[in-house]
There are 2 protein chains.
Amino acid sequence: MSLQSFFHPKSVAVIGASRQKGKVGFEMLTNLIAGGYRGKIFPVNPKSEEIEGLKCYPDLASIGETPDLVIIIVPAPFVPAVLEECGRIRVKSAIIITAGFKEVGPEGKKLEEEVVKIAKRAGIRFIGPNCLGLIAPSHRLNASFGGDLPVPGSIGYISQSGALLAAILDLANATGIGFSSLVSIGNKADIDELDIIKAFGVQKETKVIAGYLESITDGDGFVREAEDISNRKPILLMKSGSTTAGAKAASSHTGSLAGGEVAYESAFHRAGVIRCNSIKEQFDFAQAFANQPLPQGPSVAVITNAGGPGIMAADAIEEQGLTFAKLADETIQKLVQNLPAAANTRNPVDVLGDALADRYEFALNVVLDDPNVHSVLVLLTPQAMTQGKETAEAVVRIARKKGKPVLACFLGAVKVDEGVQVLRRGNVPQYDSPESAVATLKVMVDYVRWRNRPKRVVRLFSVNRRKVESIVERHLRQGQLDIGEAEAKDIIEAYGFATPKGSIATTADQAANIAQQLGYPVVLKIWSPDILHKSDVGGVKVGLKSEQEVKDAFDLMMYRIPKKRPDANILGVLVQEMVRTSGKEVIIGMHRDPHFGPLMMFGMGGIMVEVLKDVAFYLAPLTAEEAKQMLVNTKTYHVLKGVRGQEGVDIDAIAEGLQRVSQLVTEFPEIKEMDINPFVVGAPGATPIAVDARISLEKKG
Amino acid sequence: MSLQSFFHPKSVAVIGASRQKGKVGFEMLTNLIAGGYRGKIFPVNPKSEEIEGLKCYPDLASIGETPDLVIIIVPAPFVPAVLEECGRIRVKSAIIITAGFKEVGPEGKKLEEEVVKIAKRAGIRFIGPNCLGLIAPSHRLNASFGGDLPVPGSIGYISQSGALLAAILDLANATGIGFSSLVSIGNKADIDELDIIKAFGVQKETKVIAGYLESITDGDGFVREAEDISNRKPILLMKSGSTTAGAKAASSHTGSLAGGEVAYESAFHRAGVIRCNSIKEQFDFAQAFANQPLPQGPSVAVITNAGGPGIMAADAIEEQGLTFAKLADETIQKLVQNLPAAANTRNPVDVLGDALADRYEFALNVVLDDPNVHSVLVLLTPQAMTQGKETAEAVVRIARKKGKPVLACFLGAVKVDEGVQVLRRGNVPQYDSPESAVATLKVMVDYVRWRNRPKRVVRLFSVNRRKVESIVERHLRQGQLDIGEAEAKDIIEAYGFATPKGSIATTADQAANIAQQLGYPVVLKIWSPDILHKSDVGGVKVGLKSEQEVKDAFDLMMYRIPKKRPDANILGVLVQEMVRTSGKEVIIGMHRDPHFGPLMMFGMGGIMVEVLKDVAFYLAPLTAEEAKQMLVNTKTYHVLKGVRGQEGVDIDAIAEGLQRVSQLVTEFPEIKEMDINPFVVGAPGATPIAVDARISLEKKG
């Protein structure tokens, strides 16, 4: 859906237009007029005959034609009636500016629901309520009371905070940043962030999508659509309110490590969305994406007229993990031949404090032609002879020709102001510090890398889905949401995992018999649906080597544990073959995020997870590359690969385990949370063993 | 030393003053005059009789009195002669602006050395050469060619880059940031950063010291003096060029983890210096320190007229590890009684979009009185009714009265400009985003915490210093800089460490005999000065339980290792008692930084150090608190304290070990590098064992 009639309406009605200065109904109308909107404008207000030279209508029906877009500013209680009126003359698009809905409490929420119902019935799509409106500079449409129309540009902006949008607009108008559109989505009762992002996705004039969000309504849809759009246009989002959400984490292992924040990060990562931490950062990034070509690699060259800032840039490039370009011999020769002897002809190229524009022009030209250089950062400090304006003109001229990104950082204020204006008009982004410019190059390089990622192919393993279906259905039917260890293992076995053999014993003799059949050594584990962390109560005893040891361990558990946990229903003791621990213990987990669905987790067992929180998250379903990447993203990857003489373990086996769990939780949305812990993995080729598994369900629909 | 005559001279001579516009000699003189300098100005130039209305002298002697300060602008080859002239009339202070010295190569370096020699002989202190000059706004002294005189303020600035200083000056003049002084130190051939920092330390008008440095000449002195000054005035430094330096790390364990960057971090940490990563950040911090009281705790309250920015501030507060203030009941009641019903009376206090100045004033007043609140951040977005200017006036008025820091973030540009000007003039720092304001509060809170740190008391252990002296002296005399394992252990034993017993065997039978005496199990280690990492060549065999095992292990080493390392001189095999490994293995290390001296290192053995680089560094000598803090600073501290059922180890024993090594390396500056690895530490009370030690020496000046 393009929401065409919102951004480019042929006519606009303003219901609640007012003659009274300071009133929103006045501001809206005068903004529309002042912006130079070329379509018809119909003020609607029964109390006026004319406002600002325009004929005013008592109601929508008296206009005599159907406006493309209706802006509603009447007090909240009147909004339902106005919408009914809209429906009668077949209005299709509305913006409800009026506040006093969901945001004020239960009463308002009811009113908002009523509005949604009316709109749906009448086939009206609407933005708001409780919003600032919409601005589309290239169509000279300022349907907002947020500020003056900014210059047309290629950034599409969406904001869940009206006040923030007003601040951004003010900032943009001061610095000349251009926008294709700006939308304040308010309570997003109908049209939400995803609708707008999709509209921006197909809008020709929008090359960069940016926004501020506090929540995402449809997580699944967001990831799908944003991933698709990110392939063509970068999406830059600020997302706030993440820390408090993070605190409400679930209690189990996986849960406690995967708060809402992690889900957002994973979703943004999957969708290629670039996360911004402040307005400043967002506009630093946006102006580069909007105005410069994408870098074809990580190599950055720096041209400067002073040593200090050059060093600062070099530090930043190294710290950001970009490459400090090594100039080709040919480039260096040209620089040596044409720059003064004292100039530094290596990166950072120092054209010296007395450089005029021509020296910058020459150096930039040569450096941009160097095949080892993917992008150039031009630094300038205002010195005695510095030509800020002329240098900026030269930078603009050359940058246009070469197809590589050129960013500028003219340090200072008054003395570089003229130059900065030239850069802005010439679409060369200007930064207030070398660090901000380099941070921008970093996200550009990362974005290109994301765009060039391999196609996502999710492997489907042949599994016994039926078996899992029957276990899950029975548990849900019986309202039993935690699946016991034995059946949890049946489930993962059905999805191709090997688990240790074993059975439940209810007497010491029985335990010894089972041990005899399994062969020594064995493990004993207390068997109770009420005890989640068995080792905390002394409920795990490993390495038992004889009948006597098994019997002793059994009796001790039966004597001690009921004292520690009198509440627990103890069903017996699991006697299990002992998995050779020559391998490494890892954890494969999943936690279903309410917005974004199954979030896979990988971590190495023991302190690496518990103390160091060295874990990786990815949204399911996982491709083979993503599963592998999860391992690589942990610091412990080196340990798994083998360090200092220690043999490595079967990395591919872990990646496959992750993919199998990913398939399981994708095929069974009833699984709310699960982990395989430990998943013991040995040398390449050896079968990994899922020693323990926990699975819990939730009712769907 | 106050360098009084530099900042507040009664008369200034400009040698090389010029009538010609564009020349540095003209700029300097006109800047002096334009700044309104109230002392006498003596232009010196044999070719002119008068410049800019001032009498011009052919040489210094003809002035007839001794100028307090002499500024030298003549070409480099003439500088020595001019300095001689200065000496003759007993000039005490000079600024050498002239370039063409050390920075242009060996010739220039020679010239610079000559200049230093002359100055020393004549008792002249000088700034430069190759610098931009010095500015002292409160004395209306602009002895620079960097730009116009900024407004007087309380920030003292020092820069190793002249160009950067010019940019800062330009920025300051555009935004009205005030300075007490600005100094460009150039090649710092005589007066260096430490001299200036010390001068700022005693300067009444300087409340905050800030600067940009590329190197520090006297590391030891810097740490000592800066620590002293930081107790009274915050020092905010940008330090660049750290990444390349970091790459040149030494090859051993300790070395490879402790590059120059780590030494700088440790030195800044010890000295309470606040590290800044960009000019913007530096001025964000500086304006708060210069204009606001220090926060007495970490609790931040936020007042806003819009939800979005309030959430962004809350996120930032939590992310920075500050406390999101919980308002007292009384405060909330007052807010509820006086703010509209829709206002949020919890933190962040939302005074709503239609708030006028009075509502802000009321809320700020009440919130600042709350004992739970240590600082307040006032956010404002420009909405329809917003009174930017009046709100700013109210904020300034109240902030002045309460003795708690108040920071502001008025978002936008044109619409908030008037308000921002009022804030600036009223000394309430204004930030471009909630994030920058919160980052500033964070460094203020950290600084207060640093100032309130316990007094540093270094414990002196009773040790056998003589013994170490004799070993070290003998090694140095023989030019043998690596101390062998046996004597390295003698050294640490002399400083109170327990080491495992053992002797060297040269035959299998001898090995078995030694093992017999020590008692089984034993460890065998190859004994060669040429093999640093014994286990890499199979030169360590642990847990040998019988005569036969010892003999086999001995013979296998003697057969295999010479094949792997034919170059190595193998002296035998060390047979050692086996240390019970029930404890944890940690590493205590030291690496002597060329600038800052002994840098202590602590890390947990194995993957924690090798893979995760989970290590902590501190400059020696260590206090007990600092040694403890080193442990706490590692992620593995939790592991040492004991996690999930595992018993913890003797934390104090490790801290004591760190202090003992700290004492050793402080008393023996000849020790260049050492580590005790592993240092095996058990349950509280058990004696920890230094299993292995490496010590290497360096010749001292």
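Here are a few notes on backbone geometry and salt bridges in this predicted model.

1. Let me start with the cis peptides in chain B. Asn347(B) and Pro348(B) are joined by a cis peptide bond, with omega at about -5 degrees. Pro348(B) sits in the loop that runs between helix H13 (329-338) and strand E17 (349-350) of chain B.

2. Another cis bond leads from Tyr520(B) to Pro521(B), with omega near -5 degrees.

3. In chain A, have a look at the backbone of Arg90(A). Its phi is positive, about 65 degrees, although Arg90(A) is not a glycine. You will find Arg90(A) in the loop between helix H3 (79-88) and strand E6 (93-96) of chain A. With a relative accessibility of 63%, Arg90(A) counts as exposed.

4. Arg140(A) also deserves a glance: phi is near 50 degrees, a positive value in a residue other than glycine. Arg140(A) belongs to the loop between strand E8 (133-136) and strand E9 (141-144) of chain A. Its relative accessibility is 35%, so Arg140(A) counts as partly exposed.

5. Turning to charged pairs, the count comes to 67 salt bridges over all chains. One of them links Lys109(A) to Glu113(A), with the closest N and O atoms 3.6 Å apart. Both residues lie in helix H4 (residues 106-122) of chain A, four residues apart, which is about one turn of the helix. Lys109(A) is partly exposed at 41% relative accessible area, and Glu113(A) is partly exposed at 43%.

6. Helix H15 (residues 388-402) of chain B contains both partners, four residues apart, or about one turn of the helix. Lys389(B) is partly exposed at 32% relative accessibility, and Glu393(B) is partly exposed at 30%.

7. Salt bridges that share partners also build a network in chain A, joining Glu485(A), Lys489(A), Lys525(A), Lys534(A) and Asp692(A).

8. Finally, a pair that spans the sequence: Lys280(A) and Asp432(A) form a salt bridge, with the closest N and O atoms 3.5 Å apart. Lys280(A) lies in helix H11 (residues 279-291) of chain A and Asp432(A) in the loop between helix H16 (414-425) and helix H17 (434-451), so the pair ties together parts that are 152 residues apart in sequence. Asp432(A) is partly exposed, with a relative accessible area of 37%.

Key
Residues numbered from 1 in each chain as written. Chains lettered and ligands numbered in written order. Predicted model: local features only at pLDDT ≥ 70, side-chain atom pairs only at ≥ 80, totals over all residues. Heavy atoms only, no water. Helix = DSSP H or I, 4+ residues; strand = E, 2+ residues; numbered from the N terminus. Buried < 20%, exposed > 50% of the residue type's maximum accessible area, 1.4 Å probe, protein only. Salt bridge = Lys/Arg side-chain N within 4 Å of Asp/Glu carboxyl O.
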